[in-house]
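Hi,

Here is the structure I promised to pass on.

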Amino acid sequence: MKPPFDAKEYQQEVQRRAPKSPVILQCLKAFSVGGLICVLGQGVHDLPLLIPLTDADAGTVSSVTLIFLTALLTGLGIFDRIASFAGAGTVVPITGFANSIAAPAMEYRPEGFVLGVGAKLLTIAGPVLVYGIISSILVGLISLLF
């Protein structure tokens with residue numbers, strides 16, 4: 001008995017029935033929200049310049065502010081809704097990293113501070129740190145040799 005579809009017909013049927021992804025809309029959402037996060041960061045960076053702060057100190061103030069706001073919004077459950085709307089637009093490096101630290105801490109909080117928060121705090125960000133540090137050491141060694 002012959003199957004109802006051969007492999008090629010099956011793939012064509014799957015492609016026909018698969019929902020179409022709104023790529024352009026997703027890109028616009030990601031670009032807009034990521035841009036707004038960057039504008040917020042730049043605004044926070046420029047605001048302390050009205051007070052006599054160095055550029056490095058203003059950068060520190062803006063970084064700490066973005067980390068605090070991301071952790072707060074993650075704790076309140078708002079950042080997840082923003083991320084589900086904007087997708088990759090929320091992965092602007094500092095906010096994405098702050099979310100990757102705060103989210104596991106919130107998830108494992110009921111297990112206690114040591115075995116929950118302490119043990120699971122870096123489950124998402126830990127590999128990024130490890131491989132980032134290793135690759136930076138390797139690049140440093142290669143540049144030292146050449």
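Below is what I found, starting with the whole chain and ending with single residues.

First, some ground rules. This is a predicted model, so local features need pLDDT of at least 70 and side-chain atom pairs count only at pLDDT 80 or more, while totals for chains, interfaces and linings use all residues. Residues are numbered from 1 along each chain as its sequence is written, and side-chain values use heavy atoms, with hydrogens and water left out.

**The whole chain**

You'll be looking at helices here: the chain has seven of them and zero strands. Going along the sequence, the pattern reads α-α-α-α-α-α-α. For the record, helices (H or I, at least four residues) and strands (E, at least two) are DSSP runs, numbered from the N terminus.

On overall dimensions, the C-alpha trace spans about 80 × 50 × 40 Å along its principal axes. The radius of gyration of the chain is 22 Å, whereas a compact globule of 146 residues would have one near 15 Å. That radius is taken over C-alpha atoms, and the globule rule is 2.2 Å times the number of residues to the power 0.38.

As for burial, 21% of the 146 residues count as buried. Buried means under 20% relative accessible area, exposed means over 50%, and partly exposed is in between (1.4 Å probe, protein chains only). The chain exposes about 10,700 Å², and carbon and sulfur atoms supply 73% of that area. These areas come from the Shrake-Rupley method with a 1.4 Å probe; for residues, only the protein chains shown count as cover.

Contacts (heavy atoms within 4.5 Å) tell you about sequence range too. Taking those between residues at least 6 apart in sequence, 51% join residues at least 24 apart.

**Charges and salt bridges**

The chain has 9 positive and 9 negative side chains, and the centres of the two sets lie 15 Å apart. Lys and Arg count as positive and Asp and Glu as negative, with His and the chain ends not counted. Each charge is placed at NZ of Lys, CZ of Arg, CG of Asp or CD of Glu.

A salt bridge here is a side-chain nitrogen of Lys or Arg within 4 Å of a carboxyl oxygen of Asp or Glu, and by this rule the count comes to two. Glu 13 takes part in one with Arg 16, where the closest N and O atoms are 2.6 Å apart. Those two residues are three apart in helix H1 (residues 7–17), so about one helical turn separates them. Arg 16 is exposed, at 56% relative accessibility.

Glu 13 also bridges to Arg 17, with the closest N and O atoms 2.5 Å apart. This pair is four residues apart in helix H1, so again about one helical turn lies between them. Arg 17 counts as exposed as well, at 63% relative accessibility. Through shared partners, the salt bridges join Glu 13, Arg 16 and Arg 17 into one network.

**A buried Asn**

Which residues does Asn 99 touch, not counting those up to four places away in sequence? They are Thr 70, Thr 74, Phe 79 and Pro 104. Asn 99 is found in helix H5 (residues 93–107) and is buried, with a relative accessible area of 15%.

**Some distances across the chain**

I also noted a few C-alpha to C-alpha separations that you can check on screen.

- Val 91 lies in the loop between helix H4 (78–86) and H5 and is exposed, at 54% relative accessible area. Val 91 and Ile 37 are 54 residues apart along the chain, and their C-alpha atoms are separated by 9.8 Å.
- Gln 26 sits in helix H2 (residues 23–46) and is partly exposed, at 44%. Its C-alpha atom is 25 Å from that of Val 128, which is 102 residues away along the chain.
- Ile 133 belongs to helix H7 (residues 125–145) and is partly exposed, at 49%. Between Ile 133 and Ala 18 there are 41 Å in space, C-alpha to C-alpha, and they are 115 residues apart in sequence.
- Asp 6 comes in the segment before H1 and is partly exposed, at 39% relative accessibility. Asp 6 and Val 117 are 111 residues apart in sequence and 51 Å apart, C-alpha to C-alpha.

Cheers
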